[in-house]
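Hi everyone, and thanks for coming. Please bring up the sequence and the model on your screens, and we'll walk through some parts together.

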Amino acid sequence: MNDVLKGQALWKGLPPARLRAGYQDIASMQAPACGGCRRILPSTEDNDRPRVLLCRSNCPRPALRETRLGKTTSMSKETALPSLENESELQVSALKASEARFRAFVTASTDVIYRMSPDWSEMHELDGRGFLVDTEASRRSWLDVYVVEEDKSKVRAAIDDAIRGRRVYELEHRVLRLDGTVGWTHSRAVPILDEGGEIIEWLGAASDVTERRRAQEALAGMTGELERQKRFYEELISATPDLIYAFDRDYHFTFANRALLTMWNRTLEESAGKRLLEVGYEAWHAEMHEREIDRVVATGEGIRGEVGFPHATLGWRTYDYIFMPMFDATGNVEAIAGTTRDITDIKRAEEHLKLLVDELNHRVKNTLATIQSIAAQTFKGDAATVEARAAFEGRLIALSNAHTVLTRTNWESASLREIIGQALVPFDDGKVPGRLLVEGPDQLLPPQQSLALAMALHELASNAVKYGAWSQPGSAVAVCWSNQSGRLRLTWQESAGPPVHSPRRSGFGTRLLERGLSRELDGQVTLDYREDGLVCTIEFPLVDPC
Amino acid sequence: MKTVPQESRILVVEDEAIVAMLIQDILEGAGYRVIGPAARVAQALALVEGVELDGALLDVNLAGEHSYPIADALAARGVPFAFVTGYGNVGLDPAYRDNAVVQKPFSEAGLNQVLQSLLRSRGPRVG
């Protein structure tokens, strides 16, 4: 109800001439009420309003021949308006109906309707429709009220252009909405001209196109983002030294990046749609990859392999490749994406490293041999006993053997079982059953722990040979260990040997075991000189060798 | 320990003087007669040419040169030999891996053991 009143308010108080022209122009802007004929007549109750009947020359049912208008959009002075008294009852009711239709039309429209002064310096009226602030009394500051700062010049320019050409003003621009936020409007205004062709006023309609603009901007943003992403991936794929490519299910290359084309010395045009054999792969190689493609298609899982290929400029290279399935919407493998890395240099580096480690090991062994010789020369004659020389030599070889175990794993870790085995080889050839028992779950130890343990075992074994169980037949040594929640507990237990007593003085072996070893392993070492044989317990925290 | 028959003659090829001394001492202590020690391939080859040998101990790397030519010359004459090396047998050229290897550092007993088995493989010296 309120809206209806608002719709009426718009033309309330208009001078007849303007209203007349305005009706005509609004009528020309809006859809006609009936085919070819637009009749607008204000209510007879309202005497301010002109009695006008506009009718096109081609109207099939011209109501009043005298008031028929030509093509001009304005009315001439000569066009006399018929008085209501001269009209028939039929004409009066037709005009009434026409006006009611127009009112309903303006009311039904969600558009903002506005009126502007001829030079747009003043806004006479604006019905904001909840989109914009209403302007009920004329205001000059309309540009500040409605138009965002950035768009003012654009609006101004469009207005100037429309005024100059006396033509329809039309522009899409940003507006300050009723709620204070920025929105978009599509605004259109028509000039209302007097009989002399001068602009009397502008009548305009503006629709809220904020949602459409937002959607357009979002779409443009998305499209832009997609474009950026596309450029990003294209740049990466083109710049990487890795080979990137795709196959269809029938083994044809559908894409090859720059690195791959360089490897082949071919262009994309020469390669796309071709099978491996056709781009220069040997038969066995092509066959291998095609079977791999079959497997990826069948299983939906990627595969990885290593293969050599003659690079067009670098020569024979070794490659690490991965084929991955690309699934369609239904989950079938529709294509195969591949990426391949040249690992020639990595392989060479690995080999070089191995050589270096071997060489280093060799140097260490040679150095040990040199130390051995120096000791032998130094202790020559009466300087040391034969026994002392043998003990020295034994220790040196124990150290060397532990090195050998570690070298096999590039000094990363050593197997406890192997360390024990190597340390005891010089003392037990395994020919007498029961003489040595070695039992426990194998365990990887880091290099330093491995060396320390090897030296300790050597001392225990040579002590056993001199004074302990291994100094007589029928005796036994058991080396057993277990992993007790992160701590390794290893026992060396001699049995059925000669009676045991604590050594009177602490020699190298005892010292190394009781003090040096516990420190180096960060654990406890106990030597128990039991009647029936020495028991040495070594306990230390296990650390991950990696 | 003087169990060596007729003072067998053993060529020692080793470029590191200190190690060569050790080998020489061990061998002489066991009753062998040491030929050399030679420190270079050419020296060793000259000894192989000119001296009657019962066996030989060869360092593999002689100041950057491999001792394989000496090994070949010894093999051609039927003289048994062992390599003495810090590399162990994996450091040897595959063609020579079947030969005896003494890993450095070595024990006196270990070295003697290898020599004895070398000489046994050859049998008594003729002449």
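**A walk through the model**

Let's start with one pair: the bridge partner of A:Leu527 is A:Cys536, in β17(A). Before we go on, this is a predicted model, in which local features need pLDDT of at least 70 and side-chain atom pairs count only at pLDDT 80 or more, while totals for chains, interfaces and linings use all residues. Residues are numbered from 1 along each chain as its sequence is written, chains are lettered from A and ligands numbered from 1 in the order in which they are written, and side-chain values use heavy atoms, leaving out hydrogens and water.

Now, the strand names. Helices (H or I, at least four residues) and strands (E, at least two) are DSSP runs, numbered from the N terminus. Two strands pair if DSSP finds at least two bridges between them. For β16(A) and β17 (residues 533-541) of chain A, there are seven bridges, in the antiparallel sense.

So which sheet do these belong to? In chain A, five strands make an open sheet in the order β12-β14-β15-β17-β16, with mixed pairing. Its edges are β12 (436-439) and β16 (524-530) of chain A, each pairing on one side only. On average, neighbouring strands of this sheet are turned by 10 degrees against each other, direction ignored. For such angles, axes are lines fitted to C-alpha atoms, for helices over the stretch in contact, and the values run from 0 to 180 degrees between N-to-C directions.

Helix α12 (residues 416-424) of chain A touches β12, β14 (476-484) and β15 (487-495) of chain A, and its direction makes about 160 degrees with that of β14(A). Helix α13 (residues 447-466) of chain A touches β15, β16 and β17 of chain A, at about 175 degrees to β17(A).

Next, another sheet in chain A. This one is open too, with five strands in the order β2-β1-β5-β4-β3 and antiparallel pairing. α6(A) lies across β3, β4 and β5 of chain A, at about 125 degrees to β4(A).

Let's stay with β3 for a moment. A:Asp151 and A:Arg174 form a salt bridge, with the closest N and O atoms 2.8 Å apart. (That term needs a side-chain nitrogen of Lys or Arg within 4 Å of a carboxyl oxygen of Asp or Glu.) A:Asp151 is in the loop between α4 (142-146) and α5 of chain A, and A:Arg174 is in strand β3 of chain A, so the pair ties together parts 23 residues apart in sequence.

Now a hairpin. β9(A) and β10(A) form it with five residues between them, and A:Gly331 in the turn has a positive phi of about 90 degrees. Nine bridges join β9 (residues 315-327) of chain A to β10(A), in an antiparallel run, and A:Asp320 stands opposite A:Arg341 in β10(A). Strand β6 (residues 243-248) of chain A also runs antiparallel to β10 (residues 333-342) of chain A, with six bridges.

How do the two chains meet? Chain A and chain B bury about 1500 Å² between them, 57% of it on carbon and sulfur atoms; buried area is the accessible area (1.4 Å probe) that two parts lose on being put together, summed over both. Chain A brings 18 residues to the contact and chain B brings 15 residues. Across this interface there are zero salt bridges by the rule. α10 (344-378) and α11 (386-408) of chain A are the elements giving two or more residues to the side of chain A that touches chain B. α10(A) gives the most, with 13 residues.

Last, some backbone details. Most residues other than glycine have a negative phi, and most peptide bonds are trans. In chain B, a cis peptide bond joins B:Gly36 and B:Pro37, with omega about -5 degrees, and B:Pro37 sits in strand β2 (residues 33-38) of chain B. The bond from B:Lys104 to B:Pro105 is also cis, with omega near -10 degrees. Back in chain A, A:Arg166 has a positive phi of about 50 degrees although it is not a glycine.

Terms used: Contact means heavy atoms within 4.5 Å.
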